[in-house]
Amino acid sequence: MIQPVKEKIILGIDPGTTIMGYGLLKITGTKPQVITMGVIDLRKYGDHYLKLRRIFERVIGIIEAYLPDELAIEAPFFGKNVQSMLKLGRAQGVAMAAALSRDIPITEYAPLKIKMAITGNGQASKEQVADMLRRMLHIPESEMGPFMDATDALGAAYCHYLQAGKPTFAKEYSGWKDFIKKNPDKVKK
């Protein structure tokens with residue numbers, strides 16, 4: 001069960017070096033509502049370092065405009081091209097540094113976990129994720145942008161909202177024997 005909160009704003013980010021998506025969810029009680037979503041278009045910047053600076057400036061601007069309480073960011077998936085992975089990791093790091101500079105806690109989510117949380121299928125397409133979010137969050141079709149990066153970012157925020165309702169356990173167990181070993185007082189002999 002999702003724990004009610006008075007009000008919380010979650011910023012979701014889908015890192016990218018060409019198009020970076022962002023989405024903001026406002027949680028009131030247990031009800032999520034889309035504040036906004038969009039993209040940071042980096043295509044006009046030829047230099048990678050200029051892209052990183054633009055990412056930092058835009059993420060800071062979004063943070064200052066909407067004052068999010070938490071950041072949910074998609075973790076880069078492992079690809080074959082090492083240079084692409086390095087650039088994507090830098091973009092993610094710069095977005096994270098912007099949040100950290102404003103003392104915003106960060107949670108990373110694997111793409112598979114985000115897709116699973118929203119569609120129930122870790123192999124879902126970007127289109128399926130976007131459609132589920134549109135229906136669950138009652139987003140008018142006219143507000144769905146041309147880039148799926150914005151809905152991917154919103155997906156990270158929504159996944160974080162869903163995770164807030166799941167209890168966390170201090171102890172993890174590898175099986176029943178491990179549970180019994182760590183909790184002898186809970187076992188009747």
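Contact, in these legends, means heavy atoms within 4.5 Å. The model shown is predicted, so that local features need pLDDT of at least 70 and side-chain atom pairs count only at pLDDT 80 or more, while totals for chains, interfaces and linings use all residues. Residues are numbered from 1 along each chain as its sequence is written, and side-chain values use heavy atoms, with hydrogens and water left out.

**View 1. Contact of helices α3 and α4.** Helices (H or I, at least four residues) and strands (E, at least two) are DSSP runs numbered from the N terminus. K115, I118 and T119 of α3 meet Q128, V129, M132, L133 and M136 of α4; by class these residues are five nonpolar, two polar and one charged. Here Ala, Val, Leu, Ile, Met, Phe, Trp, Tyr, Cys and Pro count as nonpolar, Asp, Glu, Lys and Arg as charged, and the others, Gly among them, as polar. The axes of α3 (residues 111–119) and α4 (residues 126–136), which are lines fitted to C-alpha atoms over the stretch in contact, with angles from 0 to 180 degrees between N-to-C directions, come within 9 Å and cross at roughly 45°. That angle makes α3 oblique to α4, given that angles under 35 degrees count as roughly parallel, over 145 as roughly antiparallel, 65 to 115 as roughly perpendicular and the rest as oblique. The crossing is left-handed, a term used if the near helix is turned anticlockwise from the far one by less than a right angle, with right-handed used if clockwise.

**View 2. Contact of helices α1 and α2.** The axes of α1 and α2 come within 9 Å and cross at roughly 30°, and this crossing is right-handed. From α1 the contact includes H48, Y49, L52 and I55, and from α2 it includes K87, R90, A91 and V94. The contact of α1 with α2 has 13 nonpolar, one polar and two charged residues.

**View 3. The largest nonpolar core.** A nonpolar core is a set of buried Ala, Val, Leu, Ile, Met, Phe, Trp, Tyr and Cys residues joined through side-chain atoms within 4.5 Å, where buried means under 20% relative accessible area, exposed over 50% and partly exposed in between (1.4 Å probe, protein chains only). The largest such core has 23 residues, of which L11, I13, I55 and V59 touch the most other members. At least two residues of this core come from each of β1 (5–14), β2 (19–29), α1 (48–66), β4 (70–74) and α2 (82–100). Not counting residues up to four places away in sequence, I55 touches G16, M20, L42, A91, V94 and A95. Another core, of 22 residues, lies apart from the largest one and has I27, I118, L154 and Y161 among its members.

View 4. E70 is placed in strand β4 and counts as buried because its relative accessibility is 19%. Leaving aside neighbours within four places in sequence, E70 is in contact with K8, I9, I10, L11, I104, P105 and H160. D152, in helix α5 (residues 148–163), is also buried, with a relative accessible area of 8%. Not counting residues up to four places away in sequence, D152 touches D14, E74 and K126.
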